[in-house]
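Please keep the sequence and the model in view while reading the points below.

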Amino acid sequence: MSDNLRPESMQRITNFQLANAFIEEQVAAIRAQVGDQKVLLALSGGVDSSVVAALLIKAIGKQLICVHVNHGLMRKNESENVIKLFGEGLDANLIYVDATDRFLNLLAGVSDPETKRKIIGKEFIEVFADEARKLEDVTFLAQGTIYPDILESVKQAEGKKAVKSHHNVGGLPKDLKFTLVEPIKLLFKDEVRVVGEALGLPHAMVYRQPFPGPGLGVRCLGAITRDRLEALREADAILREEFDNCGLAEKTWQYFIAVPDIKSVGVKDDSRYEGWPAIIRAVNTTDAMTATIEEIPYPVLHKIVARITAEVEGINRVLFDLTPKPTGTIEWE
């Protein structure tokens, strides 16, 4: 059986006892694989890369170098929070790279979702390679790849197409110079969270909302423009703030805004106003392979609509996506 497929005999990690056994096994495996070499970690600040960071720190300590790349597709204040949490709070070796222009210039005019994902994934590796050249003895690249990433990126049966590409699965260039370290690649998201708590990571970090590797790039639907990207970022911040205020943040596995590249006629200040629609997506799942819709009370929806249409330049409508997975995917792209 390929090592990219989870063995049927592998027990689900549902408690600290199983998580601690997994941690001991992976710490030993990491030490055996890495030796005294240094490891670069693609640190987004999400639960997957955070758990990988904690595992690597436990296994090899200061041999780990965390690299946080701001590709200009982060949520509002996301990079600032990553720097504060990891650089200051966890005393990690953290390199911050602002590559906003580098990514957005490459993505200009690109509308195909798969092409966008592959551009972002390839450029991530290029950024890491640039950082690695500045360091000595770095031959390993750690990633927060999890099992659903693999399942959705490879053909599972003859005649079935991959759901989507992930920048950390299959999107890597063939001439990759790093050896990959992927200690949680056979875990589902709920298992990653159990392992994270067993490692002592803060509850808020372990249960923070998932965020895709391509970031807002797959939520700014179609060809990305800076003005629509900024509108998306602001609308998403309002949604997250209101979910926090009403308690939905703790109940909902993932919630976000998507903004498509279409405009409709609206009215603002008694005048014609053409703007984009903001699409609310809120889902619950345990393994990310299927998902149900989280119901949002109408008073909360009305408040979100009122704030987004009043506070975000360029948006004149707010829609609510009620499609489960399947048939829809969690992300729109």
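Arg219 lies over the face of Phe256, at 3.9 Å from the ring centre. A charge is said to sit over a ring if NZ of Lys or CZ of Arg is within 6 Å of the ring centre and within 35 degrees of the ring normal. The model is predicted: local features need pLDDT of at least 70, side-chain atom pairs count only at pLDDT 80 or more, and totals for chains, interfaces and linings use all residues. Residues are numbered from 1 along each chain as its sequence is written, and side-chain values use heavy atoms, with hydrogens and water left out.

**Charges and aromatic rings**
- Arg75 is placed over the face of Phe211, at 4.2 Å from the ring centre.
- The count of aromatic pairs is three, where rings of Phe, Tyr and Trp (its six-membered ring) pair if their centres lie within 6.5 Å, and planes under 30 degrees apart count as stacked, over 60 as edge-to-face and the rest as tilted.
- The ring centres of Tyr147 and Phe188 are 5.4 Å apart and the planes stand at 85°, so this pair is edge-to-face.
- Tyr147 belongs to helix H6 (residues 147-153) and Phe188 to the loop between strand S5 (179-181) and helix H7 (189-198), so the pair ties together parts that are 41 residues apart in sequence.
- Helices (H or I, at least four residues) and strands (E, at least two) are DSSP runs, numbered from the N terminus.
- Tyr147 and Phe188 are both buried, that is, under 20% relative accessible area with a 1.4 Å probe and protein chains only.
- Phe243 and Tyr255 form a stacked pair, with 4.5 Å from centre to centre and 25° between the planes.
- Phe243 is in helix H9 (residues 226-246) and Tyr255 in strand S6 (residues 254-258), twelve residues apart.
- Phe243 is buried at 0% relative accessibility, and Tyr255 is buried at 6%.

**Helix H4**
- In helix H4 (residues 100-107), the buried residues are Thr100, Phe103, Leu104 and Leu107.
- Seen down the axis of H4, these buried residues fall within an arc of 90°, so they line one face of the helix; the arc is that of the directions from the helix axis to the C-beta atoms.
- Gly109, which follows H4, has a positive phi, near 80°.

**The whole chain**
- The protein chain contains eleven helices and ten strands.
- Of its 333 residues, 54% count as buried.
- The C-alpha trace of the protein chain spans about 70 × 50 × 40 Å along its principal axes.

How values were computed
Buried means under 20% relative accessible area, exposed over 50%, partly exposed in between (1.4 Å probe, protein chains only).
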